[in-house]
Amino acid sequence: MFYVSKVTPFLFALALLSLFVSLFTKLTQDLYAFVIASVFGFIGLTLTGAMYQIIPNSQNRQLSRPRISYLVFFLILIAFLKFGTGNYESGSLFLFLAHLVFLAHIITNVKNIAPVTVKFLVASGIYLALSSFFLLAHLKWQAFPLQLAVHTLTVGAMLNAVYGVEVAWIPMLVMDTLSIRKAEQLFKAKQITTLAVLLAFWSMSYPLIALSLLLELAPAVYFGYIIYEMLKRRRMPSPLPVVVKMFLLGYVFLVFGLIVGAYTASHPESLASALFLHADLMVYGFGAFTIFGGMAHLLPRIVWNWKTSSHKKPEWSISDLTDEKSLLNFLELSVILYVFYLAVDVLFPPLHAVSTVIYVAILALFLQNIYKPFLYIFR
């Protein structure tokens, strides 16, 4: 790593706290609190932290004016303190300011936009700032639907970031190459389908929303085809790294989440129950398992490079921060728990509290697997 972002671990910690809080806001059926904790908190904070780490390294250079990243973190903290006290309008203003400063900061640090991963991440940063603007405009002036703000972040920011990072990381982790031409085609297709989805949610026409989400399946399926093609022709077939397995599991939930979303929009009479399943698949399935994989890959490397950059070299190696067997055990057990979570949450609506306990167990297992880097930081 050429650069280690010191705000990234703290943004990740705040994101995981937001995931925990979202489980309880879901129980209270407070829509704004749930959306802010799960989408703008868990997913949005993860994207911010990841891009602060990945973008400078994609440019092979240090992040210029790193103190601005501390300002972004400070503005985010204020925003979520405001959200926590129920002051949604003021909180959305601070969040928009944070994302605006963040976008300007990362764009000024991009000197080479040719790599497709960089293009995806810049697009993700733009959609991230746009989503918080739509949230502010909705809360303050009722100018845009809340659904537009939510899907600008999920379909726009999150999917662009996931595709961009995974077309770089999966080949690297399995030590193979991926077709750059096809990745470029994926990027172009993704921008077209994202625009279609956002226009549909702007109009809040259910037939258009259903059609646009089915259209969004096209780049998702093409992404799966690109990855499958690469894995199929591997010259050195060996067990896939656990991080890659997490990414692939998240991808399965993405496909089903988009299908359920399209079904929900085309059958408004099923809106109440189907929306729960859509959120479970997209946030707690696709979003969570993809983010778990990304954090499991990034955090040990951030901690290692952070510690080795000091004058006193640590007496441990990066392998001490990663435990593939432990991560594999987490993945296998968490998949079983997640299936139970879905069954209880969707099939037995009165038992939402039980489903919350099940998912808290998944989160606790993940934290157990990544606690070592934080112990080393404080040590």
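The legends below describe several close-up views of a predicted model.

Figure 1. Read from the N terminus, the order of elements is α-α-α-α-α-α-α-α-α-α-α-α. The radius of gyration is 20 Å, close to the 21 Å that the globule rule gives for 379 residues, so the chain is as compact as a globular protein of that length. The C-alpha trace spans about 60 × 45 × 45 Å along its principal axes. Among contacts between residues at least 6 apart in sequence, 78% join residues at least 24 apart. The accessible surface of the chain comes to about 16,400 Å², and carbon and sulfur atoms account for 71% of that surface.

**Figure 2. The largest nonpolar core contains 134 residues.** Of the 379 residues of the chain, 58% count as buried. Within the largest nonpolar core, the residues with the most contacts are F42, L47, L254, Y284, F292, Y338 and Y359. Helix α6 (residues 146–174) provides the largest share of this core, with 18 residues. Y359 touches L19, L23, Y284, A288, Y338 and Y341, when its neighbours within four places in sequence are left aside.

**Figure 3. S355 is a buried residue of helix α12.** Helix α12 comprises residues 352–378. S355 has a relative accessibility of 1%; because buried means under 20% relative accessible area, S355 counts as buried. Not counting residues up to four places away in sequence, S355 is in contact with Y341, V344 and D345.

**Figure 4. T117 is a buried residue of helix α5.** Helix α5 covers residues 116–141. The relative accessible area of T117 is 13%, which places T117 among buried residues because the cut-off is under 20%. Once the neighbours within four places in sequence are set aside, T117 has contacts with G164, V165, V167 and A168.

**Figure 5. A nonpolar patch lies on the surface.** The patch is formed by L17, F20, V21, F24 and L27. Together, these residues have about 400 Å² of accessible area. L17 belongs to helix α1 (residues 8–28). With a relative accessible area of 48%, L17 is partly exposed.

**Figure 6. R65 and M175 are loop residues with positive phi values.** Most residues other than glycine have a negative phi. Against this background, which two residues are shown here with a positive value? R65 has a phi near 50°, and M175 has a phi near 60°. R65 is located in the loop between α2 (31–58) and α3 (67–84), whereas M175 is located in the loop between α6 and α7 (180–203). Are these residues partly exposed or exposed? R65 has 48% relative accessibility and counts as partly exposed. M175 has 60% relative accessibility and counts as exposed, because exposed means over 50%.

Technical notes: Residues numbered from 1 in each chain as written. Predicted model: local features only at pLDDT ≥ 70, side-chain atom pairs only at ≥ 80, totals over all residues. Heavy atoms only, no water. Helix = DSSP H or I, 4+ residues; strand = E, 2+ residues; numbered from the N terminus. Buried < 20%, exposed > 50% of the residue type's maximum accessible area, 1.4 Å probe, protein only. Contact = heavy atoms within 4.5 Å. Patch = residues over 30% accessible without salt bridge, like charges linked within 9 Å, V, L, I, M, F, W, Y side chains within 5 Å. Areas by Shrake-Rupley, 256 points an atom, 1.4 Å probe, with all protein chains shown as cover. Salt bridge = Lys/Arg side-chain N within 4 Å of Asp/Glu carboxyl O. Rg over C-alpha atoms; globule rule 2.2 N^0.38 Å. Core = buried A, V, L, I, M, F, W, Y, C linked by side-chain atoms within 4.5 Å.
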